[in-house]
Amino acid sequence: MLRPDPYTTIYMKEALYWEPVDKNNKVVHCLLCPHNCRISPDKTGICRVRKNDDGKLYSLIYNEFTSIHLDPIEKKPLYHFYPGSHILSVGTFGCNFRCLHCQNWEISQSNQGDAPTHKITPESAVALAKKDDSIGIAHTYNEPLINYEWVFETAKLIHKENLKNVLVTNGYINEQPWENLLPFVDAANIDVKSFRDEFYKKICSGRLGPVLRSVEIMVKRNKHVEVTYLLIPHQNDSEQEIEDMVDWLSSVNPEIPLHFSRYFPQYKMDEPETPIATLEKAKKIALKRLKYVYLGNVK
Ligand code: SF4
């Protein structure tokens, strides 16, 4: 059920995956992602888009979108999933990470009201995907899993039309909601931002373990997954770290495509752009254990 937010023109959708902590003080516990936020009345969680209204948890981004484009599937990037096709790509605002190098920080780190939004219902998104000669819908641009309710509803409708659902995600989600969504997901590109937990804590305000678990579960469920690793000088580009990441990925499945992406200075990170030589060296290391390795953001 949708409910008007008393302070804006947004209609809030009651969230999935939460529980009351204490009925007297109306604090709630969000169970969607590994932050497991405890949220007081009138406050939002770390992602800024899930709000406690009078002791219930609501999504502020259901039907609220900042971006919609028809993109080549290779732009996600997915190189082994319907190559040459196009996919309707949608994004809203907010994120459960705080990456200092975020490339989409204008939407991912914005609060409600900062970025203009357009209303897109699950039904209208499916109609657009059909009209646009798209293979389906890609949930992308900001972190889609914090818009779980909309993604879930839309994904079910998309499958009824025999179209495809794609996620471009940081993989930071709890196990139960991930398992429940996966029957409706056909492919994902999951960012592994580093293979060190310290990086995740310091640079992203998250943790590495749940991200790896999301990749592993997806593979166990026989879903198509590709991994992106953005190489940032001095932060996550040591030979040892790349070896460790490649060892893990090849142990999951050596046929998972890996995309090393080139970093350019963004947002709050001031490291220099990634030298091409670093990307080529990483590719050489990865090709010892993995079958498909690509370089992205290079001309
Ligand atoms: S989805 Fe948002 S509110 Fe829920 S635990 Fe994660 S960051 Fe917190």
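Me: Buried means under 20% relative accessible area, exposed means over 50%, and partly exposed is in between. With that cut-off, and given that this is a predicted model, does Lys-193 count as buried or exposed?

Reply: Lys-193 is placed in the loop between β14 and α5. Its relative accessibility is 14%, which is under the 20% cut-off. Lys-193 therefore counts as buried.

Me: How many Å apart in space are Lys-193 and Leu-60?

Reply: In sequence, Lys-193 and Leu-60 are separated by 133 residues. From C-alpha to C-alpha, the spacing between Lys-193 and Leu-60 is 27 Å.

Me: How many salt bridges does a search of the whole structure find?

Reply: Side chains of opposite charge can pair when their charged atoms come close. One case is a network of salt bridges that links Asp-71, Lys-75 and Lys-76. Over the whole structure, the number of salt bridges found is 16.

Me: How many residues apart in sequence are the parts that Lys-130 and Glu-161 tie together?

Reply: Lys-130 and Glu-161 form a salt bridge, with 3.2 Å between the closest N and O atoms. Helix α2 (residues 122-131) holds Lys-130, while Glu-161 is in the loop between α3 (148-160) and β13 (164-169), so the parts tied together are separated in sequence by 31 residues.

Me: Where is Lys-291, in the pair with Glu-255?

Reply: Glu-255 and Lys-291 meet through their side chains in a salt bridge of 3.5 Å, N to O. Glu-255 lies in the loop between α7 and β16 (258-262), 36 residues from its partner. Lys-291 is in the loop between α8 (276-287) and β17 (293-296).

Me: Where does the ligand sit?

Reply: The residues around the ligand include Cys-30, Cys-33, His-35, Cys-37, Cys-47 and Arg-50. By class, this shell has seven nonpolar, four polar and one charged residues. Cys-30, Cys-33, His-35, Cys-37, Cys-47 and Arg-50 are also among the residues that line the largest cavity. The ligand sits in the largest cavity.

Me: What volume does the largest cavity have?

Reply: Rolling a probe the size of a water molecule over the atoms shows where empty space is left. The structure has two cavities of 30 Å³ or more. The lining of the largest cavity divides into eight nonpolar, three polar and one charged residues, and the volume of this cavity is about 80 Å³.

Me: Which elements give two or more residues to the lining of the second largest cavity?

Reply: The second largest cavity has a volume of about 50 Å³. Its lining includes Phe-65, His-139, Asn-142 and Trp-150, and divides into five nonpolar, six polar and no charged residues. The elements that contribute two or more residues are β10 (86-91) and α3.

Me: Which element gives the most to the lining of the largest pocket?

Reply: The largest pocket has a volume of about 950 Å³. Of its 34 lining residues, Lys-76, Gln-103, Asn-104, Val-168 and Asp-191 are nearest its centre. Elements with two or more residues in this lining are β13, β14, β15 (224-231) and β16. With three residues, the element that gives the most is β16.

Me: How many charged residues are in the lining of the largest pocket?

Reply: The lining of the largest pocket has twelve nonpolar and 15 polar residues. Asp and Lys count as charged, and Lys-76 and Asp-191 are among the residues of this lining. The number of charged residues in the lining is seven.

Technical notes
Residues numbered from 1 in each chain as written. Predicted model: local features only at pLDDT ≥ 70, side-chain atom pairs only at ≥ 80, totals over all residues. Heavy atoms only, no water. Near = heavy atom within 4 Å. 1 Å grid on protein atoms, 1.4 Å probe; cavity = no way out; pocket = protein on both sides within 12 Å on 5 of 7 lines; lining within 4 Å. Sits in = over half its atoms within 2 Å of the grid points. Salt bridge = Lys/Arg side-chain N within 4 Å of Asp/Glu carboxyl O. Helix = DSSP H or I, 4+ residues; strand = E, 2+ residues; numbered from the N terminus. Points joined across faces, edges and corners; volume = space filled by probe spheres on them. Buried < 20%, exposed > 50% of the residue type's maximum accessible area, 1.4 Å probe, protein only.
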